[in-house]
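This report describes selected strand pairings and their surroundings. Please consult the sequence and the structure shown below.

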Amino acid sequence: MPDLLFELGCEELPADSVRSAYGQLQDQVLARLKDAGLGHGDAVSMGTPRRLILSVAGLADQQPDSVEEKRGPALSAAYGPDGAPTKALEGFCRGQGVDPSQVEKRDEYVWVTKQVKGRPTGQVLAEVLPESVRALTFPKTMRWGASRMRFARPIRWIVASLGGEPVEFEVEGVKSGLESRGHRFESPGPFEAKDLGGLVTGLRERKVEPDPAARETLIREGAAKVAGGSVPDLPDDLVEENVFLTEWPMPTLGEIPAEYMDLPEPVLVTAMAKHERFFPVRDSSGNLTNAFVSVRNGGQEEAVRRGNQWVLSARFNDARFFYQEDAGKTMNDFLALTERMAFAEGLGTVRQRADRISALSRGVAEVTGMKAADANLAAKAGLYAKADLSTGLVSELASLQGVVGAEYAKREGFEPEVCAAIASQYDLNLAIKAGHTSLCVAIAESLDKLAGYLGIGQAPSGSSDPYGLRRAATVLVGAAGHVTLPQGGFQGPFETALSLYKSQGFELDAAAAFKSLAELFAGRYEATNPDAAHDVMEAALLDRSPEATLVPKEFALRLKVMSGAALDIEFVQTATRPINIVAAAIKKGIEIPAKVAPSEVDASKLDSAEGAALLEAAHEAHKALETAADPASLFLPLKRLEEPINTFFEATMVMVDDEAVRNERLRLLQAVSGLLLRAGDWSKVVIEG
């Protein structure tokens with residue numbers, strides 16, 4: 001049983017696309033092999049910036065034979081009045097390669113049953129491989145030359161081998177064959193590859209390491225080696241980026257001129273890591289040294305080292321210039337300068353936003369239980385949170401927003417909590433680590449952004465989210481697990497955010513903003529719970545209203561309950577009945593209060609012993625649910641309602657002629673429905689069978 005080797009060679013792919021691309025390639029090819037009925041063994045995929053590689057072991061030699069049924073024209077159209085085949089039948093039979101006498105008459109149609117011989121695997125692959133390439137998706141694509149196909153980068157060569165023999169096809173003028181290529185600069189010539197082992201060996205001989213895991217090892221071990229006794233700072237995301245920027249990674253030590261070491265550490269680290277993809281180096285105590293590690297993909301080591309040092313020095317020189325320019329101004333000066341900066345059209349200036357964030361930070365601090373002194377710190381941090389947008393250093397290094405403000409605030413002697421909150425406002429994980437004050441500012445920043453943009457009708461649409469509103473909603477959802485919000489969750493704080501705009505003279509559509517925020521929260525819940533069944537998710541979301549969605553802790557609790565309880569089919573059926581009956585009655589025009597507490601139902605008016613028993617059970621469930629804080633304490637009181645609900649329906653007619661009795665029984669069911677809906681809308685759970 002032959003093995004498949006497939007290599008797609010192209011110009012350098014974006015680093016963040018490589019891993020996804022070779023994973024997609026494997027998925028696409030294997031799915032098509034399955035559709036074609038071709039069995040196989042293990043598959044291996046890997047990639048570099050210049051190539052996507054897939055090997056599939058033990059493919060069958062050909063497709064299995066199959067039986068195929070084709071439906072032809074209706075009997076009324078297939079035969080004339082005399083029973084002779086019509087032209088419609090003759091044309092159908094010609095297309096299928098059979099004689100009209102061979103058709104079968106069934107279900108008012110003619111049918112043809114054919115034995116289909118399986119095609120050789122090579123023929124199938126000649127269709128499957130180019131189809132799979134065309135099916136790959138990337139964030140950004142391009143055309144090249146006369147190409148009609150869109151792809152991340154131009155395709156330059158294709159290796160396609162089945163058991164050592166070429167699989168012949170063409171993609172946008174590039175013909176497949178058995179010739180791969182080595183490193184672009186170190187060994188660019190072609191070489192023959194017929195199987196995965198031969199390809200990997202040939203690539204490594206030509207300065208290409210095709211395995212990303214092996215390249216990561218080369219980077220981590222090489223960086224530690226060249227750093228000597230110091231410790232290179234190797235964050236996973238930066239290592240990953242270098243893995244997919246290189247084919248033959250060679251860590252190289254460089255040196256930062258001493259005159260730049262007086263710059264704040266975040267400036268040095270950002271310039272090295274985020275802008276140049278270099279690794280900072282620290283001493284044994286964790287202090288930053290004047291060394292860095294870069295990863296070269298070729299070239300003479302000394303020339304690359306000098307070039308990297310020159311590039312880094314130029315960036316540091318610019319940063320030092322702006323840092324020194326900023327040194328003559330205070331945080332109040334920077335804050336005043338934001339009066340000239342627009343936040344967004346129709347939403348005022350950054351200076352006005354600072355006042356809103358300050359007030360919101362204080363408000364969030366207060367409703368989440370902070371003392372007055374701590375609320376004052378949150379308000380101060382909120383006021384200066386955006387001050388660094390007017391600094392020269394942020395204009396040079398935009399990714400340092402917040403970090404620069406924190407450094408300058410620290411320089412002026414601001415409280416540590418204030419500095420930490422300014423620094424972490426854009427990063428929820430940092431805010432969580434920094435403490436409650438930081439969380440309040442991060443929440444306030446997101447609330448203000450959402451209130452403003454949603455209030456002027458700028459909700460995200462499709463994949464478009466230019467203002468980062470989904471991210472802001474994600475911050476709120478994530479922060480909810482680390483603060484104690486009021487009963488309505490984010491409803492109150494969001495109302496405050498809208499009112500702060502109004503106090504500054506901005507007109508926002510509050511109703512539309514609340515509706516859009518609820519939709520954003522629902523979308524975030526779905527995105528962060530991809531394994532939840534669709535019906536269970538809809539049940540936990542209730543009606544997707546602000547009241548249902550803007551309390552993340554309650555949603556999370558409902559989702560946990562529904563995910564487990566949805567398997568209890570008998571309970572789901574029972575819980576659905578009162579909810580559906582109340583909904584049907586309302587649809588008929590019967591007036592039922594939107595909310596009914598068990599204490600508001602009069603047992604004497606029910607005229608039903610079973611109804612009175614259900615009401616008593618509802619009272620007990622209501623008391624138990626007041627303190628429910630985990631799935632068990634929420635579900636068990638509802639589970640105890642199952643028997644009295646069933647007994648009530650078995651013995652009692654709800655829609656009786658006596659209007660007073662009917663209405664009280666409906667009020668009872670509304671009260672029971674309200675209790676059941678604490679865990680989710682059971683009527684939305686799909687019961688199979």
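How many bridges join strand β14 to β16, and do these strands run parallel or antiparallel? Strand β14 (residues 250–255) is joined to β16 by six bridges, and the two run antiparallel. The model under discussion is predicted.

Strand β16 comprises residues 288–296 and is mostly covered, with eight of its nine residues buried.

Strands β15 and β16 form a hairpin with five residues between the strands, in which Gly 286 takes a positive phi near 90°.

## The three-stranded sheet

An open sheet of three strands is arranged in the order β4-β6-β5, with antiparallel pairing. Its edge strands, β4 (66–74) and β5 (104–106), each pair on one side only. From one strand to the next, the twist averages 35°.

In general, strands of a sheet pair through backbone hydrogen bonds, in either a parallel or an antiparallel arrangement. Strand β6 (residues 109–116) pairs with β4 in the antiparallel sense over seven bridges. Within this pairing, Val 67 stands opposite Gln 115 in β6.

## Helix packing on the sheet

Helix α3 (residues 87–96) packs on this sheet and touches β4 and β6. The direction of helix α3 makes about 160° with that of β4.

Notes
Residues numbered from 1 in each chain as written. Predicted model: local features only at pLDDT ≥ 70, side-chain atom pairs only at ≥ 80, totals over all residues. Heavy atoms only, no water. Pairing = 2+ DSSP bridges. Helix = DSSP H or I, 4+ residues; strand = E, 2+ residues; numbered from the N terminus. Axes fitted to C-alpha atoms, helices over the stretch in contact; angles between N-to-C directions. Contact = heavy atoms within 4.5 Å. Buried < 20%, exposed > 50% of the residue type's maximum accessible area, 1.4 Å probe, protein only.
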